[in-house]
Amino acid sequence: MLRISHYLRALAQPEAAPAPGAPVTPAQRPPVVIWNLLRRCNLTCKHCYATSADSPFRNELGTSEALRVIDDLHAAGVRILILSGGEPLLRTDLFQLAGHARAQGFFVALSSNGTLINAHNIEQVAAAQFDYVGISVDGLQDVHDAWRQMPGSFAAAMHAIDLCRQHGIRVGLRTTLTQHNSEQLPAILSLMHDHGVQKFYLSHLNYSGRGRRSRKFDAHRQMTRDAVHLLFERAWADIGAGLDTDFVTGNNDADAILLLHWVRRRVPQHAARLERMLRAWGGNASGNGIANIDNTGDVHPDTYWWQHQVGNVRRQSFRDIWIGRPHPLLLQLRQHPRSVGGRCAGCHWLPICNGNTRTRAWAAGDLWGADPGCHLSDAEIEAPIHVPAPAGQPA
């Protein structure tokens with residue numbers, strides 16, 4: 001995940017936004033855990049990595065097991081927990097689990113499609129004191145409803161966003177970029193400002209679950225670059241206007257190199273500092289700074305890795321799975337930079353992006369091959385960016 005606003009704010013206001021420190025080992029930094037509490041969902045989105053449907057799924061963790069997992073995660077040092085699904089609001093014990101996590105001191109976020117947040121439960125959602133609620137909007141009404149395969153889902157999601165804002169809940173708008181919505185991105189960003197949304201998360205399409213079947217709809221290279229550049233411009237403008245907004249991209253760590261190019265052109269005096277920050281960030285964190293627990297307790301390197309399990313919290317403690325006796329796959333993912341092939345192997349920027357998204361490479365036939373979603377040209381991956389020296393200093 002590339003925290004665009006964080007980095008640009010650190011350049012524009014270094015005293016207000018300290019730069020990230022050096023990379024740390026998994027034992028030093030427990031991961032952010034994304035937990036799919038259930039697989040059932042009232043939608044059947046074309047890009048769903050969990051291949052969810054509106055029906056019960058067997059062998060899911062019960063309430064007592066889930067409460068124990070929260071205690072287990074706390075003992076392992078985890079402090080950031082994202083509750084996801086399916087649609088987590090279909091789980092009757094959601095607020096009990098969220099309350100237990102909040103009482104333990106977790107930062108608790110809710111990831112929802114928004115259609116089930118309404119006037120009947122918004123008070124309960126607000127009382128749960130989620131630190132953040134992320135709601136997905138994958139285009140304007142016609143595109144969103146078609147992609148999520150439910151008429152009215154766009155209107156319901158926007159209504160949920162408004163309800164959250166009215167109740168003082170920090171809310172984020174999330175969009176997965178495709179050929180169908182790339183031209184609508186400026187209008188989607190306008191929705192963000194019109195509805196008082198503080199955070200915008202642009203997800204690149206990952207070829208997992210139904211997303212693997214929908215890869216033919218992935219945004220083309222220039223569409224992707226244009227979209228990411230638009231976010232750079234909006235983030236920079238908001239920082240200049242003193243707005244507390246947050247623009248983030250996920251599932252394509254090559255975005256960091258585009259940001260470095262952009263800073264070199266727009267504010268070249270900050271390029272060297274940004275490169276140092278990006279090298280400290282280190283790129284893709286699957287299996288290291290990110291972990292996933294699915295609805296049956298299987299642990300994965302991230303939410304798009306359901307074809308690979310590294311343990312199960314029913315049988316082992318999370319600390320043992322993640323730190324004590326990590327699976328060989330985790331050890332491979334934690335190499336930095338990773339041992340990858342294809343054009344990634346010779347990329348000058350491998351220490352920054354860390355081989356990008358391995359599940360797209362797996363979908364293309366080679367888990368450790370080149371990521372087919374990389375939008376950088378051959379010239380860009382071979383040649384380092386020349387950063388001019390500050391005025392008065394030798395180049």
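These are my notebook entries on a predicted model, from the whole chain down to single residues.

**Ground rules**

I number residues from 1 along each chain as its sequence is written. Because the model is predicted, I read local features only at pLDDT of at least 70 and side-chain atom pairs only at pLDDT 80 or more, while totals for chains, interfaces and linings use all residues, and side-chain values use heavy atoms, with hydrogens and water left out.

**Entry 1: the whole chain**

I looked up the secondary structure and found 17 helices and eleven strands, where helices (H or I, at least four residues) and strands (E, at least two) are DSSP runs numbered from the N terminus. Of the 395 residues in the protein, 56% are buried, a term I use for under 20% relative accessible area, with exposed meaning over 50% and partly exposed in between (1.4 Å probe, protein chains only). I also looked at contacts, meaning heavy atoms within 4.5 Å: among those between residues at least 6 apart in sequence, 73% join residues at least 24 apart.

I traced an open sheet of eleven strands with mixed pairing, in the order 1-8-7-6-5-4-3-2-9-10-11. At its edges stand strand 1 and strand 11 (311–312), each with a single partner strand, so one side of each is left without a neighbour in the sheet. I count two strands as paired if DSSP finds at least two bridges between them. As background, strands of a sheet pair through backbone hydrogen bonds, either parallel or antiparallel.

I then followed some of the pairings. Strand 2 (residues 32–36) and strand 3 (residues 80–84) are parallel and share four bridges, and I34 has I82 as its bridge partner in strand 3. Strand 4 (residues 107–112) runs parallel to strand 5, again with four bridges, and there S111 is partnered by G134. On to strand 6 (residues 171–177), strand 5 is joined by four bridges in the parallel sense, with G172 as the strand 6 partner of G134.

**Entry 2: strand 5**

How many residues of strand 5 (residues 132–136) are buried? I found five of the five, so the strand is largely enclosed by the rest of the structure. Y132, G134 and S136 point one way, V133 and I135 the other way, and all are buried. I also noted that strand 4, helix 4 (residues 122–127) and strand 5 make a right-handed β-α-β unit; right-handed here means that, with the strands pointing away from the viewer, the path from the first strand over the helix to the second runs clockwise.

**Entry 3: helices 1 and 10**

In helix 1 (residues 4–12), eight of the nine residues are buried, and these pack against strand 1 (2–3), helix 9, strand 8, helix 10 and helix 11 (271–281).

Helix 10 (residues 255–266) has twelve residues and reaches 16 Å from its first C-alpha to its last, close to the 16 Å expected at 1.5 Å a residue, the expected span being 1.5 Å times one less than the number of residues. Nine of the twelve are buried, so I read helix 10 as largely enclosed by the rest of the structure; among them are D255, H261 and W262.

**Entry 4: aromatic rings and charges**

I found five aromatic pairs, taking rings of Phe, Tyr and Trp (its six-membered ring) as paired if their centres lie within 6.5 Å, with planes under 30 degrees apart counted as stacked, over 60 as edge-to-face and the rest as tilted. The rings of F200 and F247 have centres 6.5 Å apart and planes at 50 degrees, so this pair is tilted. F200 lies in strand 7 (residues 199–204) and F247 in strand 8 (residues 246–250), so the pair ties together parts that are 47 residues apart in sequence. Both F200 and F247 are buried.

W236 and W262 have ring centres 6.0 Å apart and planes at 75 degrees, so I class them as edge-to-face. W236 is in helix 9 (residues 221–240) and W262 in helix 10, so parts 26 residues apart in sequence are tied together. Both residues are buried, and ring pairs link F232, W236 and W262 into a cluster.

For charges over rings (NZ of Lys or CZ of Arg within 6 Å of the ring centre and within 35 degrees of the ring normal), I noted K199 over the face of Y132, at 4.9 Å from the ring centre, and R334 over the face of W322, at 5.0 Å.

**Entry 5: S182**

I located S182 in the loop between strand 6 and helix 7 (185–194). Its relative accessibility is 14%, so S182 counts as buried. Leaving out residues up to four places away in sequence, S182 touches L177 and M223.
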